[in-house]
Amino acid sequence: MRFTKHFTTTTLLLTALVGVGSTVAQEPPAPPASRPPRTIALKMFVGNWTCTGTANLGPGKTAKIKATAKVKNELGGFWQSYVYIEQKTKGLPHGHHRHGHLGLGSPFKKFVRDEFQSNGDHATGTSTGWSGDTMTWDLEASNSMGKMSSRHSFIKKREREFVHKLEATMPGSPSPMTIFEVTCKK
């Protein structure tokens, strides 16, 4: 009886250890060996940029924009972070900062973007990628006027130059208007 009890206890202990061993031996799935080819589409944005353009402040009112942008790859190149800083000017006395992240969302069907702004505004959006030399983002912004939809287009002019243009339909407006158009160069 003593032998049977000892044998049963040993068998149960070994069974438990084998079960734990097989659980421990299982490894998590390996990460992708390389970035999906579509994430390479964001490569052109990496670097330091100097930007100039025009902001639309309302009917018949515009202001010159001077800005810098710094874009870098993050998290193994799957994501990019950016900082966009508009300088204070006569027409834009407060300046404006934007920090954001963008990359290829899962399951790798659309690019996604999340942006936070120095005036408390926030924007999120998606893009299907490049169509020729243009990448267009459909954005949903939350700001002092409430929620609004906008379209932010990036038009590649040369390897080291692009134009970005934001168009939005303002509350009470029947059609979209250009909020700003800016040219950035490395």
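**Burial and chain layout**

I began with burial: 32% of the 186 residues of the chain count as buried. I note here that the model is a predicted one. Next I looked up the secondary structure and found one helix and eleven strands. Reading along the sequence, I wrote the pattern down as α-β-β-β-β-β-β-β-β-β-β-β.

**Disulfide**

I then searched for disulfides, and the count came to one. The partners are cysteine 51 and cysteine 184, with 2.1 Å between their sulfur atoms. For the record, such a link is a covalent bond between the sulfur atoms of two cysteines.

Which parts of the chain does the pair tie together? I placed cysteine 51 in strand E1 and cysteine 184 in strand E11 (residues 177-185), so the pair joins parts that are 133 residues apart in sequence. Are the two cysteines buried or exposed? Cysteine 51 is buried, and cysteine 184 is buried too.

**Aromatic pairs**

I listed the aromatic pairs and got five for the structure. One of them is tryptophan 49 with phenylalanine 162. Their ring centres are 4.7 Å apart and their planes stand at 70°, so I classed the pair as edge-to-face; the cut-off for that class is over 60 degrees. The pair links distant parts of the chain, with tryptophan 49 in strand E1 (residues 47-58) and phenylalanine 162 in strand E10 (residues 161-168), 113 residues apart. I checked both for burial and found tryptophan 49 and phenylalanine 162 buried.

Phenylalanine 162 also pairs with phenylalanine 154. I noted this pair as tilted, at 5.7 Å centre to centre and 50° between the planes. Phenylalanine 154 is buried, as is phenylalanine 162. Which residues make up the aromatic cluster? I have Phe45, Trp49, Trp130, Phe154 and Phe162 in one cluster.

I made a separate entry for a charge over a ring: arginine 113 lies over the face of tryptophan 137, at 5.5 Å from the ring centre.

**Largest pocket**

I looked up the largest pocket and recorded a volume of about 1,100 Å³. It is lined by 48 residues, and the closest to its centre are His96, Arg98, Gln117, Leu166 and Phe180.

**Leucine 75**

I looked at the backbone of leucine 75, which has a positive phi of about 50° although it is not a glycine. I located leucine 75 in the loop between strand E2 (61-74) and strand E3 (79-86). Why does leucine 75 count as exposed? Its relative accessible area is 65%, and the class takes values over 50%.

**Threonine 126**

My last entry is threonine 126, which I placed in strand E6 (residues 122-127). At 27% relative accessibility I have threonine 126 as partly exposed, since the class runs between the 20% and 50% cut-offs. I also looked up its separation from glutamate 140. Threonine 126 and glutamate 140 are 14 residues apart in sequence, and their C-alpha atoms are 9.3 Å apart in space.

Definitions and conventions
Residues numbered from 1 in each chain as written. Predicted model: local features only at pLDDT ≥ 70, side-chain atom pairs only at ≥ 80, totals over all residues. Heavy atoms only, no water. Phe/Tyr/Trp six-rings, centres within 6.5 Å; stacked < 30°, edge-to-face > 60°. Helix = DSSP H or I, 4+ residues; strand = E, 2+ residues; numbered from the N terminus. Buried < 20%, exposed > 50% of the residue type's maximum accessible area, 1.4 Å probe, protein only. Lys NZ or Arg CZ within 6 Å of the ring centre and 35° of its normal. Disulfide = S-S within 2.5 Å. 1 Å grid on protein atoms, 1.4 Å probe; cavity = no way out; pocket = protein on both sides within 12 Å on 5 of 7 lines; lining within 4 Å. Points joined across faces, edges and corners; volume = space filled by probe spheres on them.
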